[in-house]
Amino acid sequence: LLDGAVKELMPKVRLVGKPPPPPGPVIAEMVTLRSEDEGAEILLAGSQTVGTIVDGSLLMPPIPFPVGSAITVEKRKEGYHPSREALMLDKPVQEFRLKPMRPKTRWGTEFNWTYGQVLGFGVAQRYYLKPDVSYLSAELYNYAQTNFSESHPLFHHDLRVLYGGYLFTGPDEVFRLGWSTGAGMILTWFTIPDQGLYADWYLNLINASLELNYRRWLLYLRAEGKYALGLGRKRLGQGMLSLTQGPPPITMGFMWKW
């Protein structure tokens, strides 16, 4: 009787329990970072160190990043500005090429030319009080003034000291807005005998510049607001200096950063 009862019950028995859990998200199994900044420390979200670039790369430790998510890595290295990058994880095994870090600039050597003072050439030296943020600059611009029909041209030596910085843009930006202010003196001498030396003192009330910024060099375009003080043995009088009553002086320059 028992044997017959079991045979009748067996087809009706069903396993009762919880359904199996749904499959979890796909995990990024292997993430490799490649960089030319040898020795740079890599951090996640600026807090957790995950390693250092060695021989141009870093294999990140096995941290369960879901595929389809983004992670933020920060790069730090002595003598360079820290920088962050957002990386999107698209597949379980992935490799990323990190952007080069920007070295901190302490000195800059400039060569420039001013529109309206065609027969001239300038040099300058910058010292960054805070790398790539604020600076002091000493400048010298030598130029000649002649109409080519006279045999006695005038020669000018524009010397000045500037303090400057940047607006709204950081060291990593390709385009940077800059400002500077300071004071200077224009020395003028004639090739005609017994004319003596003239000195025009002025204030650089405000200069505005646009820079094309790269790792080791930059190009800039600068509009200059100069106000002659009218002191001493002068030639230019007193008031704002302009190019033959036109726009303010415009200077174009190149600077090597080191």
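Select β7 and β8 to start. The two strands form a hairpin with six residues between them. In the turn, Gly79 has a positive phi of about 85°. Strands here are DSSP runs of E of at least two residues, numbered from the N terminus. This is a predicted model, in which local features need pLDDT of at least 70 and side-chain atom pairs count only at pLDDT 80 or more, while totals for chains, interfaces and linings use all residues. Residues are numbered from 1 along each chain as its sequence is written, and side-chain values use heavy atoms, with hydrogens and water left out.

β7 and β8 pair in the antiparallel sense over six bridges; two strands count as paired if DSSP finds at least two bridges between them. Pick Lys75: Ser83 in β8 stands opposite.

A pocket is found on a 1 Å grid over the protein atoms alone: an open set of points with protein on both sides within 12 Å along at least five of seven lines, and lining residues have an atom within 4 Å of a point. Grid points are joined across faces, edges and corners, and the volume is the space filled by probe spheres set on the points. Which strand gives the largest share of the lining? Strand β8 (residues 83-88) does, with three residues. Color by class and you get two nonpolar, one polar and seven charged residues. The classes are: Ala, Val, Leu, Ile, Met, Phe, Trp, Tyr, Cys and Pro nonpolar; Asp, Glu, Lys and Arg charged; the others, Gly among them, polar.

Next, select residues 175-190 and 197-213. These are β14 and β15, which pair in the antiparallel sense over 14 bridges. Ile186 has Asp200 in β15 as its bridge partner. Six residues lie between the strands of this hairpin, and Asp194 takes a positive phi near 65°. Continue to β16, residues 217-229. It runs antiparallel to β15, joined by 11 bridges. The hairpin from β15 to β16 passes through three residues. Find Ile206: Gly225 in β16 stands opposite.

Now look inside. The whole structure has four cavities of 30 Å³ or more. A cavity is a set of grid points where a 1.4 Å probe fits but cannot get out. Select its lining: Asn112, Thr114, Val123, Glu139, Leu140, Tyr141, Asp158, Arg160, Arg222 and Thr251. β10 (107-115), β12 (134-145) and β13 (154-167) each give two or more residues to this lining. The largest share, three residues, comes from β12. By class, the lining has three nonpolar, three polar and four charged residues.

Select Trp107, Phe111, Phe121, Val123, Tyr127, Leu129, Leu136, Tyr163, Leu219, Phe254, Trp256 and Trp258. They make a nonpolar patch of about 1100 Å². Patch residues have over 30% relative accessible area and no salt bridge, with nonpolar side chains (Val, Leu, Ile, Met, Phe, Trp, Tyr) joined within 5 Å. Areas come from the Shrake-Rupley method with a 1.4 Å probe, and only the protein chains shown count as cover. β10, β11 (120-130) and β18 (250-257) each supply at least two patch residues. β11 gives the largest share, four. Trp107 sits in β10.

Last stop: Glu110 and Arg126. They form a salt bridge, with the closest N and O atoms 2.7 Å apart. Glu110 lies in β10 and Arg126 in β11, so the pair ties together parts 16 residues apart in sequence. The structure holds 15 salt bridges, each a side-chain nitrogen of Lys or Arg within 4 Å of a carboxyl oxygen of Asp or Glu.

Conventions: Patch = residues over 30% accessible without salt bridge, like charges linked within 9 Å, V, L, I, M, F, W, Y side chains within 5 Å.
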